[in-house]
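This report describes a strand arrangement and the surroundings of some residues. Please read it alongside the sequence and the structure shown here.

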Amino acid sequence: MVGPGDVLEVRIWSLVEDTKVLEAEVAADGTATFPKIGPVPVRGQALGAVETTLCEALARVYRDATIRVAIGRTRTVPVFVVGEMAE
């Protein structure tokens with residue numbers, strides 16, 4: 001599930017333009033903001049659902065382009081271990 005702190009990497013291929021790579025970090029409010037389309041709600045969605053949402057939004061700006069979405073960097077989650085450990 002995509003959440004705050006994840007970085008989404010969007011690759012856009014087109015015959016007319018060079019390949020573009022857009023990156024956006026998911027904000028605390030669960031949105032990722034991209035140029036020309038603004039904030040897109042993505043928190044709590046599987047990556048496939050996020051890709052579908054972003055492809056629909058970006059297709060209005062980048063016509064006849066192939067768009068792929070991936071996690072460029074995952075968020076870090078601090079883990080604390082308390083108590084004794086066996087050697």
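Q45 is found in the loop between β4 (38-41) and α1 (47-59), where helices (H or I, at least four residues) and strands (E, at least two) are DSSP runs, numbered from the N terminus. The model is a predicted one, in which local features need pLDDT of at least 70 and side-chain atom pairs count only at pLDDT 80 or more, while totals for chains, interfaces and linings use all residues. Residues are numbered from 1 along each chain as its sequence is written, and side-chain values use heavy atoms, with hydrogens and water left out.

With a relative accessible area of 22%, Q45 is partly exposed, because buried means under 20% relative accessible area, exposed over 50%, and partly exposed in between (1.4 Å probe, protein chains only). Although Q45 and M1 are 44 residues apart along the chain, their C-alpha atoms are separated by 5.3 Å. Residues up to four places away in sequence not counted, Q45 touches M1, V2, V50 and T53, contact meaning heavy atoms within 4.5 Å.

An open sheet is formed by 3 strands in the order β2-β1-β5, with antiparallel pairing; two strands pair if DSSP finds at least two bridges between them. β2 (20-25) and β5 (65-73) are the edge strands, each pairing on one side only, and the twist averages 20° from one strand to the next. Axes here are lines fitted to C-alpha atoms, for helices over the stretch in contact, and angles run from 0 to 180 degrees between N-to-C directions.

The antiparallel pairing of β1 with β5 comprises 8 bridges, and that of β1 with β2 extends over 6 bridges; β1 is joined to β2 by a hairpin through 5 residues. Residues that stand opposite one another across these pairings include the following.

| Residue | Opposite residue | Strand of opposite residue |
|---|---|---|
| R11 | R68 | β5 |

Within strand β1 (residues 7-14) lies E9, whose side chain is joined to that of R11 by a polar contact of 3.5 Å. A polar contact is a pair of N or O atoms within 3.5 Å; within protein, one must be able to donate a hydrogen and the other to accept it, and residues adjacent in sequence count only if both atoms are side-chain atoms. Leaving aside neighbours within four places in sequence, E9 is in contact with V21, L22, E23, R68, V69, A70 and G72.
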